[in-house]
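Here's a quick tour of a complex, taken site by site. Have a look at it first, and then we'll go through the details.

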Amino acid sequence: MPEDIINSFMNGPDEKGRFGDFGGRFVSETLMPLILELEEQYEHAKTDQSFWDEMNDLWTNYVGRPSPLYYAERLTKHLGGAKIYLKRDELNHTGAHKINNVLGQIILARRMGKTRIIAETGAGQHGVATATVCAKFGLKCVVYMGAHDVERQAPNVFRMKLLGAEVVPVTSGRGTLKDAMNDALRDWVTNVRDTFYCIGTVAGPHPYPAMVRDFQAIIGKEAREQMMAAEGRLPDTLIAAIGGGSNAMGLFYPFLDDKDVRIIGVEAGGKGVNAKMEHCASLTGGRPGVLHGNRTYLLQDDDGQILEGYSISAGLDYPGIGPEHSWLHDTKRAEYVAITDVEALKAFQLCCELEGIIPALEPSHALAHVMKIAPELPADHLICMNLCGRGDKDIFTVAKALDVNMGPSD
Amino acid sequence: MTRIDAKFAELRKAGRKAFVTYVMAGDPDYERSLEVVRGLPGAGVDIIELGLPFTDPMADGGTIQLAGQRALEAGQTLARTLELAHAFREQDDTTPIVLMGYYNPIYSRGVERFLAEAKEAGIDGLIVVDLPPEEDDELCIPAQKAGLNFIRLATPTTDDKRLPKVLTNTSGFVYYVSITGITGSAAAEAGDVGPEVARIKAATDLPVIVGFGIRTPEAAERIASVADGAVVGSAIVDRIGKGEPTEKVLEFVAGLAEGAHRG
Ligand SMILES: Cc1ncc(COP(=O)(O)O)c(C=O)c1O
């Protein structure tokens, strides 16, 4: 419990689903009764011990939690400054943090008697996690994925199919995550009775941003205890990559009221945060607007039309960001920076070479920022970075970026 | 009294149902779209819903998504859409125009500025898909204050408990979405729609208009016969999308109007 309830950063959202001016419930009337029901059911489950008992059991025995907090010794020596810890959520079953949240939502869906699960996915990690948990519980699973992402994340598409999910390539718009989310919402509006929409990040209408954050907060809770055990004190700086912002919110949330802990979110800078918008840095290069059920910072033109972002990382390729991050940005509780494709690729390679860990391209963005700031910080400065996904899914993209031909050899 | 209220008073007197059409502003381009809109009243259209293009129309099916993309590619914006309404108004001062779209372009323009400009352009009402009653402070209340109708959608998921909330702050008419789904989906049966319309009418004095999935004069007639009117969108937008000449599009609209007016 926060000590100063009034000035706590952990009270959001309010009863309208707002974090300050951000968030809310900007959905069509058809969906409104559904999200109100979801909110009611979630509020109930949240305080129901049997719900959390089921979660904890699966987190331990199915996902493999707690994930280790690992001291990256060679990386620390190489950078020659702050002491770097990696929160190893890439070791989770299915290879990323996404499953933390999926478990919570699917257990809720089962309690609500829903038999069909839909999801949107960018990198495919959320789709794989959803397909996995649906297979485990024998639920029908349909995953919407931008046609462009189907192409660049082919291994995950095959994985989802092996797990029995139907993958629907989305061709509207430019065929990325934003368009997949539109089509998932269109599915939900059509199949209101039996379908549960399992959103993969801290976005969407209330209660999703709060609910997904609460499920992902296990990352920060564990990191806190593990850092206390390892160092006897809290970390000085937290760093996480942001697409929609769920792994970041999960790490940040339990530390929001620890005023001495510096919090840094890393957005995808693509080819550089410039006027051409070849990036996905909503906070660095966007302005407030309304999309996908909430008010938040968005990449948009002067007319309020949403722009397609760009990033080498499919999981960060989203023109918005969770509303709670917009609020943390405006209140200055957290800082947000952008990292380019080129910087992320360098960090990706360094992590492979120095630590024997192939990271996903998403947390490679976070790592690139660690590489920027760690050398200037003293040796007793503790950095905790969320290594939220493994890079198996990205090796083809990286090979292409590095001009390596991975064609069949004999 | 807005042009919408006046139109319904006139229809009631004549004992006729309302025929409402949706077309996307700027589809396939500004000139063609203005030509179609100008021809609608002559083809028997009582109320014009003018689509405001948006990149992410989450309640629309393929037909209207593509229409929005064509309009945006041809340079349509919120400002150009109001300009189009204004150009229509110069020749027709009675046919109501309802602007239908999503909130972000309006929010981006600034609510106060938008309302003043919309009023000036001769817009009579607004349907903003992603603004449920829970977000009434955003635009609904300011719009009513500015003298514009705010027309709400009621849907099959709007149960009796929720219906009063949807009807409060609704004005002009109520738009009953006859199916759970997106625009351009399969139509509902008049037999299913009738009782739903009756349920809504028991709770409000406002006219109840039914839309989504109506594609033929016969369907327009059947639906209009159990409501205060019928809306056709995708079936008309489809023809515009196929590049049919304006006269052919308006001929099709006239057939639909006859159907609806028989209802
Ligand atoms: C490994 C990984 N990290 C990060 C993200 C971005 O999502 P979020 O910002 O919600 O954590 C994704 C999304 O697919 C991902 O797969």
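Which residues does Asp60(B) touch, not counting those up to four places away in sequence? The answer is Gln65(B), Ile182(B) and Thr183(B), where contact is taken as C-beta atoms, placed from the backbone, within 7 Å of each other.

## Ground rules

This is a predicted model, so local features need pLDDT of at least 70, side-chain atom pairs count only at pLDDT 80 or more, and totals for chains, interfaces and linings use all residues. Residues are numbered from 1 along each chain as its sequence is written, while chains are lettered from A and ligands numbered from 1 in the order in which they are written.

## The annotated pair in chain B

UniProt, in an unreviewed entry, puts the feature "active site" at Glu49(B) and Asp60(B); its positions follow the numbering used here, feature names are shortened, and annotations may be inferred rather than shown by experiment. Asp60(B) sits in the loop between strand 2 and helix 3 (62-73) of chain B. Helices (H or I, at least four residues) and strands (E, at least two) are DSSP runs, numbered from the N terminus. Asp60(B) counts as buried because it has 27 C-beta neighbours inside 10 Å; the cut-off for buried is 20 or more other C-beta atoms within 10 Å of the residue's own, placed from the backbone.

Glu49(B) belongs to strand 2 (residues 47-51) of chain B. This residue is buried too, because 25 C-beta neighbours lie inside 10 Å. Setting aside neighbours within four places in sequence, its contacts are Val20(B), Thr21(B), Tyr22(B), Val98(B), Met100(B), Ile127(B) and Val231(B).

## Around the ligand

Over to chain A. The ligand has 21 residues around it, the closest being Gly243(A), Ser246(A), Gly315(A), Glu362(A) and Gly389(A); to count, a residue's C-beta atom, placed from the backbone, must lie within 6 Å. Elements giving two or more residues to this shell are helix 5 (125-137), strand 9 (237-242), helix 11 (246-252) and helix 15 (361-373) of chain A. Helix 11 of chain A has the largest share, with three residues.

The ligand lies between domain 1 (18-60 + 98-212) and domain 2 (65-95 + 217-401) of chain A, because both give residues to its shell. Those domain bounds come from an automatic or database domain assignment.

## Where the chains meet

The contact draws 34 residues from chain B and 27 residues from chain A. On the chain B side, helix 3, helix 5 (103-109) and strand 6 (153-154) each give two or more residues. Helix 5 of chain B gives the most, with six residues.

Methods:
A residue is buried if 20 or more other C-beta atoms lie within 10 Å of its own, exposed if 12 or fewer, and partly exposed in between; C-beta atoms are placed from the backbone. Two residues are in contact if their C-beta atoms, placed from the backbone, lie within 7 Å.
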